[in-house]
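Keep the viewer open as you read.

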Amino acid sequence: VETLFGVRFVALALDHPLFEHSPPELKRRLAAALEKESRKGKREEGNSFLSTDMSVCHPLTNEQLPVFAASYVLKDYATGAVMGVPAHDERDQKLAEREGVKSVTVLFSPSLSSTSEVLSEDLSFQSPPDDTELRNSGEYNGLNVKKAKEKLSEELVSRGIACSITQYRIRDWLVSRQRLWGTPIPMIHCELCGVVPVPEEELPIRPNTAGLLGHLPNDSMNESIPCPSCHGPAKRDPDTMDTFVDSSWYFLRYPDANEKKLPFLHPSQRKWDLPSVYIGGVEHAILHLLYARYMTRFLYNEKLVSSPEPFPSLITQGMVLGQTFRNGKTGRPLLKEEVERERGLERERERESERESESESESEDDGEREEKRERKKNRKSDIIVSWEKMSKSKHNGVSPSDIFETYGVDTARLYTLFKAPPEHALQWDTKQVLGQRRWLLRLEKVVEDVRFDLQRWKEGEICGEVKEKGKEREMKTPFLLSYPPPVTEKDIVLLRAVREAVESAGQSMDAHPPGLNKVIAHLMKLSNELSASLDAVSTPTPIHALVMRSLLIMLSPMAPHCASEFWERLHTVRGREGAMWSVEGCSWAGERMSGLKGVGVFDFSWPSSDAWLDSHDSPTVDFVLAVNGKKRSLVSIPVNEVENESYLKETVLSDEMAGLKLTSNDIERIVIPR
């Protein structure tokens, strides 16, 4: 609806019912066009256009617009009529150019065009970017697409010439299959009674499929059995149900997998209700998602679930694409061995060509040599490389087990999440997986660097031993880290990095869809800050351990195995076998969640900023420090200390340049420029 002011014509299907009352000449031309299209076996988009003597009135401008018959409009799709917007649709543009219809561009995106005049190619044939706004649309000029859709829809509805509907592209669902792995259809076929349901006490049906593979044999479900109604001879239904029948409600059964009497408990009796998000590809959204919604609505009408909609939110994930190699002449997908062989032949041909060039007569002029070099450069390879959806037929799949064995599960998971946002397509490149593996190895080294060593630290100053009263055995966490820990000037930079990572990663995690690639980027940045801070000190401090603790909690959803292993290493006290340390009251480094008594990384809440962290992350203002009008130094003053004269005096006296040969008695007044 946002392109309504760009409509320049209306196109109808060649066999639209409106043409039944058209003049004989037009009917003849339409019949000829339909015959032409049917001979091709397929309607080629934009191939057949016919003008008519009909016109329509634009609903907002009252302008009379021509009506055309076009082969790219299908009678059985929607209403068999489309509005023609040649500035923003390729098929409409072809028709307009052929029939001499002027186009009007109504969508403009600053990110696609640097000129004030909007070019049609800026926004043609693609979904408009988020910054797209309307032009040449009367009172709606300047509105973004989302707002324009709302306003235009409201206007059309208020005039009584339109209404908002939701169109489902779902077709009849054929649930029967001839496969072993489907659920048997609980029906019995009787010649006298017809189709009779299997008695409830005989459910579920468990056919004997031992030793069978693939298709059900004709006699496996077709043995003669008594009809439950007339007790005469009957046969079971030979087919099984589509697996989507089960997966369309399995999310309700999953929390109650041990329930014996019911498919699942009532919502009031369950700990878990419906899922909070549905994650699936485009193929799932048009099949499984609609089936699951249909099934849930049925169960809601039967008062078995709490909501008619099973999934409050949807994340449509992108495809994983594999590098595909095809024969440049035939287009046939090539195996890896064939690619290596073809490339070897290409290299051999290049070497042969070079030898021939060297043996050629030196009488050739420079022009001939340059022409040969250009022909060689422009010669197409016999192999075409592209990124396509992974499939066995294209030989572009990657075995997950090979990746797991070589790099580990967490490495593969991190690469998948970091390579692209979940809603975008991902081009799988095994060579780049190594980057995530190296990062995990660097994290492992940092964990070893910051582990507590009680032989270095005086016991009781930083760690105090906790004893469990009334019991002889030692607690699993006998050392409690004193909190808040002492902070040095060098720790301040690291604490600011923690605050930024906690806030930024948390916002990315809470976004819809979650920006998991951004979360990993924030954690990489924090790990670099931590490594730099460790390089600047001779001995790790408690701050380093707490920062690492915060990092591991944020890493755990994406790399659970490594995060759990690193967490245990971090909290194990060197020099005390089996002893571990803990901390209380430190929300920015994770606190144990209520009801949980464990000490693993998954028992702790997501880090959050607290007052102590805020006090060490106060924003600063840079001042040029001048004494008696002469510039001495550049200092950073916390915003909340700018008006504190005693703090400013201490800053001046402590500065190596400005405080040289000065005492507090030498400072008569401090002037802060406004």
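## A charge over a ring

Arg 549 holds its charged end over the ring of Phe 604, 4.8 Å from the ring's centre. Bear in mind that this is a predicted model. There's another case at Phe 108, where Arg 135 lies over the ring face at 4.2 Å from the centre.

## Ring pairs

The whole structure turns up 10 aromatic pairs. Take Phe 49 and Tyr 72: their ring centres are 6.2 Å apart with the planes at 80°, so this pair is edge-to-face. Phe 49 sits in strand β2 and Tyr 72 in the loop between β3 and β4, so the pair ties together parts 23 residues apart in sequence. Phe 49 is buried at 6% relative accessibility, and Tyr 72 is buried at 7%.

Phe 604 also pairs with Trp 567; with centres 5.1 Å apart and planes at 45°, the pair is tilted. Trp 567 belongs to helix α17, while Phe 604 is in the loop between β21 and α18, 37 residues apart. Both are buried. Elsewhere, ring pairs join Tyr 250, Phe 251, Tyr 278 and Phe 311 into a cluster.

The largest nonpolar core counts 48 residues, with Trp 439, Met 548, Leu 555 and Trp 588 making the most contacts inside it. Helix α16 supplies the largest share of this core, 10 residues. A second, separate core has 14 residues, including Leu 4 and Val 106.

## The second largest pocket

This pocket holds about 1,100 Å³ of space. Its lining has 25 residues, and among the closest to the centre are Asp 246 and Trp 249. The lining splits into 16 nonpolar, 1 polar and 8 charged residues, and α8 gives the most, with 4.

Conventions
Residues are numbered from 1 along each chain as its sequence is written. This is a predicted model: local features need pLDDT of at least 70, side-chain atom pairs count only at pLDDT 80 or more; totals for chains, interfaces and linings use all residues. Side-chain values use heavy atoms; hydrogens and water are left out. A nonpolar core is a set of buried Ala, Val, Leu, Ile, Met, Phe, Trp, Tyr and Cys residues joined through side-chain atoms within 4.5 Å. Buried means under 20% relative accessible area, exposed over 50%, partly exposed in between (1.4 Å probe, protein chains only). Helices (H or I, at least four residues) and strands (E, at least two) are DSSP runs, numbered from the N terminus. On a 1 Å grid over the protein atoms alone, a cavity is a set of points where a 1.4 Å probe fits but cannot get out, and a pocket is an open set with protein on both sides within 12 Å along at least five of seven lines; lining residues have an atom within 4 Å of a point. Grid points are joined across faces, edges and corners, and a volume is the space filled by probe spheres set on the points. Ala, Val, Leu, Ile, Met, Phe, Trp, Tyr, Cys and Pro count as nonpolar, Asp, Glu, Lys and Arg as charged, and the others, Gly among them, as polar. Rings of Phe, Tyr and Trp (its six-membered ring) pair if their centres lie within 6.5 Å; planes under 30 degrees apart count as stacked, over 60 as edge-to-face and the rest as tilted. A charge sits over a ring if NZ of Lys or CZ of Arg is within 6 Å of the ring centre and within 35 degrees of the ring normal.
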